[in-house]
Amino acid sequence: MPDIVIIEDDAAIRKLVCYALDNDGYRAHGFDTAEAFHGSDVQPDLLILDIMLPDEDGISILKKIRARAGGEDLPIMMLTAKGNEYDKVEALELGADDYMTKPFGVMELLARVKALLRRAGRGQAIAPEDAPVQIDKVRLDPARRTVEVNGEEIHFTFKEFELLHYLMLNNGLALSRDQLLESVWGFAAEGESRTVDMHIRLLRQKLGSEDYLIQTVRGVGYKLEGGAQT
């Protein structure tokens with residue numbers, strides 16, 4: 001039974017989420033401050049993290065978790081009342097796997113939690129293929145969860161890695177934003193296409209000179225297209 005931690009100072013929201021998670025078969029652990037969480041011995045399988053906390057902001061907690069050994073693979077969902085573009089981009093750039101804005105629907109929250117746990121629990125990219133895949137100067141190894149660009153290993157967050165892998169496995173095929181949301185995030189929700197766009201932007205930045213591989217298909221979405229594929 002997965003352990004899910006929610007750090008949220010609003011008692012009503014915290015209790016509602018914990019109740020919903022418990023009733024959906026998870027072990028929910030609610031904390032009202034970062035200090036309370038850091039002082040616990042809970043080892044979460046997924047973290048739901050509010051940005052605005054009374055003692056330490058969620059962005060700072062996110063940075064610390066991603067910087068520590070083993071923290072790069074922990075699924076993290078940001079849950080906050082702040083809904084502007086800058087906050088979403090900052091959270092995603094720092095390694096958040098998903099982002100929900102208050103007010104939110106409990107059923108959608110549970111669906112996203114389930115999708116994140118399913119992806120993380122498999123310990124691999126979306127497709128079952130374990131063999132490394134290389135397109136031009138980008139080499140991705142799903143078993144080792146590494147990406148090399150021009151021979152240099154580049155760090156990708158959990159969702160960035162899965163998105164890149166999915167694009168590479170579908171080399172040359174135009175994929176809609178809804179397809180990408182469904183295949184990588186496990187859901188397709190109206191108004192969430194910006195999540196795909198922001199992750200694509202981050203992928204292009206990290207690919208550097210190989211950013212040409214990811215192409216925008218007007219009216220459709222995106223595709224990755226390169227020469228040699230092994």
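Predicted model: local features only at pLDDT ≥ 70, side-chain atom pairs only at ≥ 80, totals over all residues.
At what angle do helix H6 and helix H7 pack, and how far apart are their axes?

Residues are numbered from 1 along each chain as its sequence is written, and side-chain values use heavy atoms, with hydrogens and water left out.

**The sheet.** Select the five strands of the open sheet, ordered E2-E1-E3-E4-E5 with parallel pairing. Strands here are DSSP runs (E, at least two residues), as are helices (H or I, at least four), numbered from the N terminus; two strands pair if DSSP finds at least two bridges between them. At the edges lie E2 (27-31) and E5 (98-101), each pairing on one side only. From one strand to the next, the twist averages 20°.

**Helix H1.** Next, select residues 11-23: helix H1 packs on the sheet and touches E1, E2 and E3 (contact means heavy atoms within 4.5 Å). Its direction makes about 170° with that of E2; angles run from 0 to 180 degrees between N-to-C directions, and axes are lines fitted to C-alpha atoms, for helices over the stretch in contact.

**Helices H6 and H7.** Finally, select H6 (residues 158-169) and H7 (residues 177-185), which pack at about 120° with their axes 10 Å apart. H6 is therefore oblique to H7, since angles under 35 degrees count as roughly parallel, over 145 as roughly antiparallel, 65 to 115 as roughly perpendicular and the rest as oblique. Display Lys159, Glu162, Leu163, Tyr166 and Leu167 of H6 with Leu180, Ser183, Val184 and Trp185 of H7, which make the contact.
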